Amino acid sequence: KNEVSTERGSGHPILRDTTSEGLPRSYSGVTYWNYGMLPQTWEAPVGDPPGDRDPLDIVDLGSKIRKVGEIVPVRIIGALPLVDTGEMDWKLLGIAEDECDQFESDDVFHLLENTNMVSSVKNFFRLYKEAEGKARNTFLNDGMPLGREEALGIIREMNEHWRRLRAEELPV
């Protein structure tokens with residue numbers, strides 16, 4: 001798994017993510033989606049639960065395999081409110097713009113009712129840290145995704161957190 005460095009002055013390179021023990025993080029199981037981040041967003045360590053101090057994560061539900069670091073325009077369709085080891089870790093759900101025509105709908109609730117995509121993503125993120133001996137993650141909102149408009153509101157809020165972080169108005 002790769003992450004974007006959030007260290008000030010780092011130039012924000014893509015790095016191999018590590019466990020709390022400093023070991024390279026890898027996951028058991030297979031994912032059938034692309035996983036990335038939304039630039040110029042930041043989940044501030046405020047609120048209950050506090051944000052995870054990372055850019056917003058995005059799950060591209062399309063079928064094309066993407067390259068590490070590839071910039072892909074994605075249509076946001078919803079968000080999952082994941083609580084990962086006590087921190088808020090939003091998982092945006094989207095479909096790459098070059099694959100939207102393959103989907104009957106860009107409504108997360110349509111996908112929830114008519115495919116197993118959303119439940120597969122939820123199960124993966126609920127269980128993925130068990131391989132490291134950690135507890136299962138949980139979801140707010142009774143595990144239900146939020147719709148497109150709510151997800152866009154989360155993006156606006158996390159963009160404001162990013163702006164305030166850059167202005168040194170929020171704690172790191």
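1. Basis. The model is predicted: local features need pLDDT of at least 70, side-chain atom pairs count only at pLDDT 80 or more, and totals for chains, interfaces and linings use all residues. Residues are numbered from 1 along each chain as its sequence is written, and side-chain values use heavy atoms, with hydrogens and water left out.

2. Strands here are DSSP runs of E of at least two residues, and helices are runs of H or I of at least four residues, both numbered from the N terminus. Two strands pair if DSSP finds at least two bridges between them.

3. Strand 5 and strand 8 (residues 91–96) run antiparallel and are joined by six bridges. L80 has K91 in strand 8 as its bridge partner. Contact means heavy atoms within 4.5 Å.

4. Strand 6 (residues 82–84) pairs with strand 9 over two bridges, in the antiparallel sense. L82 is opposite F139 in strand 9.

5. E99 is in the loop between strand 8 and helix 1 (108–114). E99 counts as buried because its relative accessibility is 0%; buried means under 20% relative accessible area, exposed over 50%, and partly exposed in between (1.4 Å probe, protein chains only). Leaving aside neighbours within four places in sequence, E99 is in contact with D60, G62, S63, K64 and R66. A polar atom of the E99 side chain lies 3.3 Å from the backbone nitrogen of K64, and the E99 side chain makes a polar contact with the side chain of R66 (3.5 Å). A polar contact is a pair of N or O atoms within 3.5 Å; within protein, one must be able to donate a hydrogen and the other to accept it, and residues adjacent in sequence count only if both atoms are side-chain atoms.

6. Salt bridges. The structure holds 11 salt bridges, each a side-chain nitrogen of Lys or Arg within 4 Å of a carboxyl oxygen of Asp or Glu. D98 and R66 meet in one of them (2.7 Å, N to O). This pair links distant parts of the chain, with D98 in the loop between strand 8 and helix 1 and R66 in the loop between strand 4 and strand 5, 32 residues apart. D98 is partly exposed at 41%, while R66 is buried at 18%. A network of salt bridges links K64, R66, E70, D98 and E99.

7. Two further salt bridges. K91 and D89 meet at 3.0 Å, N to O; K91 is buried, with a relative accessible area of 0%, and D89 is buried at 5%. R136 pairs with E130, the closest N and O atoms being 2.8 Å apart. R136 counts as exposed at 51%, and E130 is partly exposed at 36%.

8. Aromatic pairs. The whole structure has five aromatic pairs. Rings of Phe, Tyr and Trp (its six-membered ring) pair if their centres lie within 6.5 Å; planes under 30 degrees apart count as stacked, over 60 as edge-to-face and the rest as tilted. W33 and F124 are edge-to-face, 5.7 Å centre to centre with 80° between the planes. W33 is buried, and so is F124. Ring pairs join W33, Y35, F124, F125 and Y128 into a cluster.

9. The peptide bond from D48 to P49 is cis, with omega near 0°, and P49 is in the loop between strand 3 (34–38) and strand 4 (56–60). D142, a residue other than glycine, has a positive phi near 55° and counts as exposed at 80% relative accessibility.
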